[in-house]
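Me: I am new to this structure and would like to learn how to read it. Could you walk me through it, one feature at a time?

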Amino acid sequence: MKNNLKPTHRFEKDISNCGLTGFISKSGKQVEGSVIIKSISLMHDRGNGLGGGFAAYGIYPEFKEFFAFHLMYESGMALQLTEEYLAEHFLIDHHEEIPTRRNAAITNPPAFRRYFVKPLETAEYREAREFQNMTDEDIIVTHVMRINNEIEGAFVVSSGKNMGAFKGVGYPEEIADFFRLEEYSGHIWTAHNRFPTNTPGWWGGAHPFTLLDWSIVHNGEISSYGINKRYLEMYGYLCTMLTDTEVVAYMLDLLIRKHGLSPELASMALAAPFWDKIDALPEDDRQLLTAIRQVYGSGLLNGPFAILFASNEGLIGLNDRVKLRPLVCATKDDFVYMASEEAAIREICSQPDRVWSPRGGEPVIARLNPGVI
Amino acid sequence: MKIDAQGVYYRDLNNQIRSAVASGAEKIELVNVNGQYFIGDGINRPVTISIKGVPGNDLGAFMNGATIVVWDNAQDNIGNTMNAGKVVVHGHAGDVLGYGMRGGRIHILKDVGYRVGIHMKSYQENKPVLIAGGKAGDFFGEYMAGGVLVLLGMFSDDPEKPMHGYCFGTGMHGGTIFVRGGVDEAKLSREVGVFELTGEDRQELDGYLKEYCKDLKLDPKEVLGEKFVKVLPKSKRPYGNLYCPMPR
């Protein structure tokens with residue numbers, strides 16, 4: 001008898017595990033893109049070609065007063081609608097295509113453009129500033145959410161000052177080639193090699209995820225995505241990228257920029273210690289951590305993760321509380337390196353001063369020296 | 001025999017190593033290694049592989065009788081399901097070392113990460129031994145079923161760090177952990193207890209440590225010259241009643 005049943009799954013799938021790497025020059029030394037490409041390429045086999053991406057800081061010094069919008073368009077209509085939207089709400093100092101190079105490995109790339117903008121003093125803007133106590137950053141966040149949510153096929157890839165994210169479907173070295181990243185120089189770089197576990201491999205779903213100048217690369221799974229997403233919706237953050245990591249970018253914006261938590265405290269909220277550890281702390285710490293866990297219960301990230309988050313202030317590495325994903329850190333002079341594997345650091349810094357693995361839930365915080373920006 | 005691993009893809013490097021082993025090499029020296037996975041995996045012959053550089057994950061997995069000496073740091077998952085042989089690391093190493101290891105030796109000079117010795121096991125004459133000279137992360141000896149884990153806490157890059165992490169011996173139901181000096185009982189799992197060594201234990205431990213000191217060129221007098229404690233599981237079936245109570 002002929003068997004007409006089709007298999008329900010494609011069993012041939014490259015099983016892998018995601019890789020991330022990043023570094024900062026605390027004194028603001030500009031480093032060429034080729035360095036981060038070398039580091040992430042060493043961990044080629046941690047991904048499966050379904051996502052690669054980079055975040056770079058300090059790459060647009062000539063436009064550093066402007067919000068740098070990287071836009072991704074899936075259609076001409078999305079482009080047209082977004083440009084009308086941008087023209088209505090922003091003073092656009094400069095805009096151009098993001099330079100790309102055709103690469104045989106990259107199929108059907110969307111279109112990419114960048115815009116260096118400031119909010120226009122419209123009636124809506126004045127209303128927001130004067131009567132709703134919104135800052136320029138708040139207003140940018142609103143526009144990012146509106147573009148992502150309301151214009152079909154348009155996605156804001158990044159929206160911070162003097163920084164940009166470059167990402168897509170492919171291995172990271174292919175994405176780097178596509179975006180000609182060797183032509184950029186920055187003082188903070190992060191990179192990601194994706195192995196999508198539960199969600200589709202598409203251009204918007206590659207890491208980093210960003211908002212303003214926050215950018216996140218992540219290895220793991222945020223099992224608490226549903227709780228985190230609903231919590232963020234109460235504050236006007238809308239998740240549109242179909243991937244768990246997106247919530248981390250918005251959560252950091254909420255906790256650090258909006259609620260004024262230090263990066264240390266925000267890390268404690270994301271990877272809060274277990275109650276028995278909190279109860280064993282000295283009284284002051286016990287009260288602080290109890291309050292953090294109570295107030296930010298819906299901000300807790302459950303599930304395995306190693307993340308790097310960067311901003312114009314610096315670079316932070318963080319693991320889940322029981323360290324279910326690898327993270328290694330190293331220092332050399334004013335550089336701090338963080339990666340999934342020590343070899344990815346040694347590839348670009350053969351003799352570090354110090355190499356160590358942070359404990360689960362213990363953030364490694366590398367700030368830019370004061371006055372660098 | 002010397003192999004330059006500079007920029008060589010892990011699959012090509014391991015093919016070169018396997019053909020060297022097949023052609024009867026006794027000693028293989030790998031230079032400029034950085035991050036190549038699976039080195040020494042499944043090797044069945046008593047060759048010695050010396051590694052300059054940082055080898056990638058899953059070093060010596062399923063290895064059966066070979067010796068690997070790493071002259072630098074090493075990464076995660078060393079000696080996964082290793083059957084026999086030895087891995088010596090003259091630096092620190094990462095997480096999940098000796099996973100399901102069932103024989104042979106792993107000697108690490110410095111710090112080790114999380115979940116070291118997870119589910120090590122032993123049967124009759126097969127008794128794996130893993131010794132870490134530095135400090136360890138959480139879940140040391142997790143689900144350990146057999147064999148011997150030793151933590152020295154002596155050679156660490158991080159003097160501030162506690163000697164071991166939380167959840168020490170979680171789910172442990174067989175085997176023995178020896179710790180130099182003593183353990184922080186607040187960080188032990190409920191499944192284990194701390195015991196004094198018997199004369200027989202100490203003799204067994206000294207044998208392991210002498211071999212460790214010889215491999216890593218350490219002074220055995222210093223390493224052995226301290227009290228050790230022994231951590232053992234309280235039960236062979238710590239979770240026997242977790243889902244439904246079973247008759248004993």
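Reply: Happy to! Let us begin with strand pairing: two strands pair if DSSP finds at least two bridges between them. Helices (H or I, at least four residues) and strands (E, at least two) are DSSP runs, numbered from the N terminus. In this predicted model, local features need pLDDT of at least 70 and side-chain atom pairs count only at pLDDT 80 or more, while totals for chains, interfaces and linings use all residues. Residues are numbered from 1 along each chain as its sequence is written, chains are lettered from A in the order in which they are written, and side-chain values use heavy atoms, with hydrogens and water left out.

Me: Which strands of chain A does strand 4 of chain A pair with, and in what sense?

Reply: Strand 4 (residues 67–73) of chain A runs antiparallel to strand 6 (residues 111–119) of chain A, joined by 7 bridges. Leu71(A) stands opposite Arg113(A) there. Strand 4 of chain A also pairs with strand 7 (residues 154–158) of chain A, again in the antiparallel sense, over 4 bridges. In that pairing, Met72(A) stands opposite Phe155(A).

Me: How many residues of strand 4 of chain A are buried?

Reply: Buried means under 20% relative accessible area, exposed over 50%, and partly exposed in between (1.4 Å probe, protein chains only). For strand 4 of chain A, 7 of its 7 residues are buried. Phe67(A), Phe69(A), Leu71(A) and Tyr73(A) point one way, while Ala68(A), His70(A) and Met72(A) point the other way.

Me: Which residue forms a salt bridge with Arg113(A)?

Reply: A salt bridge is a side-chain nitrogen of Lys or Arg within 4 Å of a carboxyl oxygen of Asp or Glu. Arg113(A) forms one with Glu83(A), the closest N and O atoms being 3.2 Å apart. Arg113(A) lies in strand 6 of chain A and Glu83(A) in helix 2 (residues 76–89) of chain A, so the pair ties together parts that are 30 residues apart in sequence. Arg113(A) counts as buried at 17% relative accessibility, whereas Glu83(A), at 25%, counts as partly exposed.

Me: How many salt bridges are there between chain A and chain B?

Reply: The count is 3. One of them joins Arg359(A) and Asp138(B) (2.7 Å, N to O). Another links Arg354(A) to Asp158(B), with the closest N and O atoms 3.7 Å apart.

Me: How many residues of each chain are in contact?

Reply: Contact means heavy atoms within 4.5 Å. By that rule, 17 residues of chain A are in contact with 20 residues of chain B.
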